[in-house]
Amino acid sequence: MVLCLFNPEACVAQWQVLIVDDEPDVHAITSLALKLKSWRNKRFNLVKAESAAQAREILSRPGTTFQVAMVDVVMETNDAGLQLCEYIRENHPRSLRIILRTGQPGVAPEERVLNEYDIDHYLAKSEATPERLFALVRASLRASMDVDTFMSLKEQLGKLVACFRAPTAPGQLADQMKQFLARLEEKYSAKMTFFANAHTDTSGSELLRQAALRAIEGKQWERYIPGATVGLDDKHVVVPFHVDVTAPAVSAPARKGLKKKLFGVFGEAPTVSASLQPIQGALIVEFGETITKLEKRDCLHEFNLALGQWKLAYGVLCIQQDVAFQRVLEERARRGRIDAVGT
């Protein structure tokens, strides 16, 4: 199955940062410090909340996703910011990272706050220079992306495992990979085509399939091959891979009985199901013009993490199907022996 995914409108245009503080000057300073900055070619969208209660209301809006929250400690109460941090950790994805800012460091000792509330950074307002703010937000964004990746991998693994609780076809596993790749496309503003088996997949672009086959010929499995070396342009990267599932031994009675009774007119009896045939596939990524080398590396690294889980699930599915096949062979062989005795 070929999976070709891209929706430019779904790509993240800006980093979403929630600023929670009851001082208008703090909002103004933060806006001045970040409004002209960018990280990985994306600007910052700063959403303002003037109290912890207003922040909760913003966070509860459907479809609202933030990567970073900068939270003041003292607002409605002396610990309103800390209670908001606790609320965030209990009710929102762990990919939302928190920078705690305070004008009264004695109210919330740094070590205790960092340990108890899973805070990424603790910043005294007197130290909040534009350079310092940008550095902390950038570090928090990086942490947010890393956490989001591991959460996505965990979700993918859970869905792959769920596939084996009911009869499963290879296409269902491909659908799970499709969902993960859609996140990567959105995250890195890229276009991805996944050939689960480049030798048999014909529903996608023939140009890309031929490029995948050329990459496979080099047998540089799970390495990043520049598109220009396989007939594409410099915006493309190809990652070839293979899955080789080892067949279990088949009992001699099954081989003998099947060969004699069932497959005599066709020659040698098959002892391995078609599901155990090795496959060779590839991912082809078309990156945008503005992507950095670091982003490319991160994107392809995340794909390889997901690919490892998908290959494991695919191997398990093949073995399941072969076990069912072997049972059919053994049952037919058993019936053949019974018929032979009867005659």
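**Helix 2 and helix 3**

Modeller: In this predicted model, A52, A55, R56 and L59 of helix 2 meet A80, Q83, L84, Y87 and I88 of helix 3.

Biologist: What makes helix 2 and helix 3 roughly parallel to each other?

Modeller: The two helices pack at an angle of about 20°, with their axes 9 Å apart. Angles under 35 degrees count as roughly parallel, and helix 2 and helix 3 are therefore described that way. Helix 2 passes helix 3 in a right-handed crossing.

Biologist: How many helices and strands does the chain have?

Modeller: The chain has nine helices and 11 strands. Of its 343 residues, 44% count as buried.

Biologist: Which strands stand at the edges of the open sheet, and why is one side of each left without a neighbour?

Modeller: The sheet has six strands in the order 3-4-2-5-6-7, with mixed pairing. Strand 3 (38-39) and strand 7 (121-124) each have a single partner strand, so one side of each has no neighbour in the sheet.

Biologist: What packs on this sheet?

Modeller: Helix 1, residues 24-34, packs on the sheet and touches strand 2, strand 4, strand 5 and strand 6. The direction of helix 1 makes about 175° with that of strand 4.

Biologist: What joins strand 5 to strand 6?

Modeller: Five bridges join strand 5 (residues 68-72) to strand 6 (residues 97-102), and the two run parallel. V71 stands opposite L100 in strand 6.

Biologist: Why is strand 2 called mostly covered?

Modeller: Five of the seven residues of strand 2 are buried.

Biologist: Why is R40 called buried?

Modeller: Buried means under 20% relative accessible area. R40 has 10%, so R40 is buried. R40 lies in the loop between strand 3 and strand 4.

Biologist: What is the phi of R40?

Modeller: Phi of R40 is near 55°, a positive value in a residue other than glycine. Most residues other than glycine have a negative phi. K219 is not a glycine and has a positive phi of about 55°.

Biologist: Is K219 buried or exposed, and how do you know?

Modeller: Exposed means over 50% relative accessible area. K219 has 58% relative accessibility, so K219 counts as exposed. K219 is found in the loop between helix 7 (206-217) and strand 9 (225-226).

Biologist: What makes D233 partly exposed?

Modeller: Partly exposed is the range between the limits for buried and exposed, under 20% and over 50%. D233 is at 35% relative accessibility, so D233 counts as partly exposed. The place of D233 is in the loop between strand 9 and strand 10 (236-243). Leaving aside residues up to four places away in sequence, D233 touches G227 and A228. D233 and E286 are 53 residues apart in sequence, and their C-alpha atoms are 9.1 Å apart in space.

Biologist: How do you know that N304 is buried?

Modeller: The relative accessible area of N304 is 17%. The limit for buried is under 20%, so N304 is buried. N304 is in helix 9, residues 293-342. Not counting residues up to four places away in sequence, N304 touches E222, Y224 and V239.

Biologist: Which residues of the largest nonpolar core touch the most other members?

Modeller: They are F44, F194, F303 and W310, in a core of 50 residues. Helix 9 gives the most to this core, with 10 residues. Apart from it lies another core, of 27 residues, including L59, F66, A69 and L96.

Technical notes
Residues are numbered from 1 along each chain as its sequence is written. This is a predicted model: local features need pLDDT of at least 70, side-chain atom pairs count only at pLDDT 80 or more; totals for chains, interfaces and linings use all residues. Side-chain values use heavy atoms; hydrogens and water are left out. Two strands pair if DSSP finds at least two bridges between them. Helices (H or I, at least four residues) and strands (E, at least two) are DSSP runs, numbered from the N terminus. Contact means heavy atoms within 4.5 Å. Axes are lines fitted to C-alpha atoms, for helices over the stretch in contact, and angles run from 0 to 180 degrees between N-to-C directions. Buried means under 20% relative accessible area, exposed over 50%, partly exposed in between (1.4 Å probe, protein chains only). A nonpolar core is a set of buried Ala, Val, Leu, Ile, Met, Phe, Trp, Tyr and Cys residues joined through side-chain atoms within 4.5 Å. Angles under 35 degrees count as roughly parallel, over 145 as roughly antiparallel, 65 to 115 as roughly perpendicular and the rest as oblique. A crossing is left-handed if the near helix is turned anticlockwise from the far one by less than a right angle, and right-handed if clockwise.
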